Amino acid sequence: MSRPMTVPSGGSFARRAVAASSAVRRMDGVLLVAVAALTVIGTMLVWSSTRTWAPGSTGLVKKHILNVAIGIALTSAAVMVNHRSLRIYSPLVYGVSLLGLLLVLTPLGATVNGAHSWIMLGGGFAFQPSEFAKLGLVLMLAMLLAKPVRGTDRPRGLDLGLSLGVAGFTMGMVMLQPDLGTTMVLGVITAGAIVIAGVRKRWIFGLTLLVVGGGVAVWLFNVLEPYQIARFTAFLNPASDPRGVGYNSTQSLIAIGSGGLFGKGLFEGGQTTGRFVPEQHTDFIFTVAGEEFGFLGSVAVVALIGVILLRGMRIARQCDDRFGTLVAGVIVCWLAFQSFVNIGMTIGIMPITGLPLPFVSYGGTATFANMIAIGLLQAIHIREQPF
C-alpha cells in the first residue's frame, strides 16, 4: 500500500502547500524527464521549421512556448485531481467535449486544411474541440467499463453496449467535420478500452469484423472526401504523381534521408529552410528531426516516446482500481497510435492523415490535451496502491 500523505494542522493554504509538495515528490520522475526532453526538442524543431517565414522569425515559436507553459499548468492541475473522484465527473467532462464538437458544426466553426474542426478565438489563436473529445471519451469509456460482472473481471454487456454507442456517436460527430485522423484515434481509444477491460475474445473478434466491414463500406460508398482518397492513393504509389498527391510523401522521404547518420545540424537543413515539406512544423515535424538531427537524433525522439509509453504501461499495471487502470492504459494506446501514425507517414509506411506528433509538433489544443493526459497518468501514479 502507498504511504498516506500526512498534513500538519494549520491553515488551508499550508495544508494545500504540503499536499502539493508531497505529490510532487511522489511523481514518476522518469516520465516527467522524458516529456520535458521531448518538449524541448519539439520547441527547437518548431523554431527551425518556422524561423524563415514566421512573423519576426520567432513568432510561432513564442506562441508554441506559451502553449507549452499553459500545458504545464494544465498538467499540474490534473495531477492534483484524485482520479477516483474524477470517475464521478466523467459524464460531465464527456458532455462538455461533445458540446465543443457541436459548436464546430455551427457558424462558429472554421475550416483549416480541409477539415471543419476549428473554432477561431482571434489573435491568431484557434481551438480544436476534437482533441478534448479524446480525453472525454477516455474518461467516459473507463467509467462505463470499470464495473465488472459480479464474480468476474469482465464488464457487463449493457456497459459494453453503452460504450460502443458513446464511442460511435463521438466518432460520427468527428467524421462530420470530416477528420479521418482523429476518428482513427478515437477508434483506437475505444478498442484499447474494450481489450483492457477484459471483454470476451469472441466479442473482440466480432467487433473486429464489424470494424473491417465498416471500413470497406466507407470506401465502397464514397463516404471519404476526395482529398482523403487521394492520400491513400499516394500512400499506395507515391511515385505515380510526385508533384501532386504524392508530393508530401516524396519530399518527406527526401528530407529524412538527406540527414544521414548525424544530421546536418540545427537550422542547417536545406529541405526545412526551403520549406519543401508542407506543414513541417505540425504534421511533418519528424522530417525536421530526420534532416537536422539525423538517424541518431530521430532514434532518440522515438526512444523518448517509448519511455513515455512504457512508464504509462507501468502506471496502468500497478494501479489497484479498474478505473485508473483503464484511464492509464487507454491513454497509452492513444499516444502510441498517434505517434506511430505520425512517424509512419513521414517514412512512407502509413498514409498521410494529418495527426501531430505528441509533445513535439506545434499546436495549442493538441498540446493541452497531451499534457492533461500526462497529468492524469501522474495523478494515478501518486495515488496507486500496488499489491
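Select aspartate 159 first: at 5% relative accessibility, this residue counts as buried, where buried means under 20% relative accessible area, exposed over 50%, and partly exposed in between, with a 1.4 Å probe and protein chains only. The model is predicted, so local features need pLDDT of at least 70, side-chain atom pairs count only at pLDDT 80 or more, and totals for chains, interfaces and linings use all residues. Residues are numbered from 1 along each chain as its sequence is written, and side-chain values use heavy atoms, with hydrogens and water left out.

Arginine 156 is partly exposed, at 34% relative accessibility. The structure holds 6 salt bridges.

Now select lysine 134 and glutamate 131, whose closest N and O atoms are 3.0 Å apart in a salt bridge. Both residues are buried. They lie 3 residues apart in helix α5 (residues 129-145), and are therefore separated by about one helical turn. Helices (H or I, at least four residues) and strands (E, at least two) are DSSP runs, numbered from the N terminus.

Finally, select arginine 84 and aspartate 320, a salt bridge with its closest N and O atoms 3.1 Å apart. This pair links distant parts of the chain, 236 residues apart: arginine 84 belongs to helix α4 (residues 83-104), and aspartate 320 to the loop between α12 (285-318) and α13 (322-346). Arginine 84 is partly exposed at 31% relative accessibility, and aspartate 320 is partly exposed at 29%.

Methods: A salt bridge is a side-chain nitrogen of Lys or Arg within 4 Å of a carboxyl oxygen of Asp or Glu.
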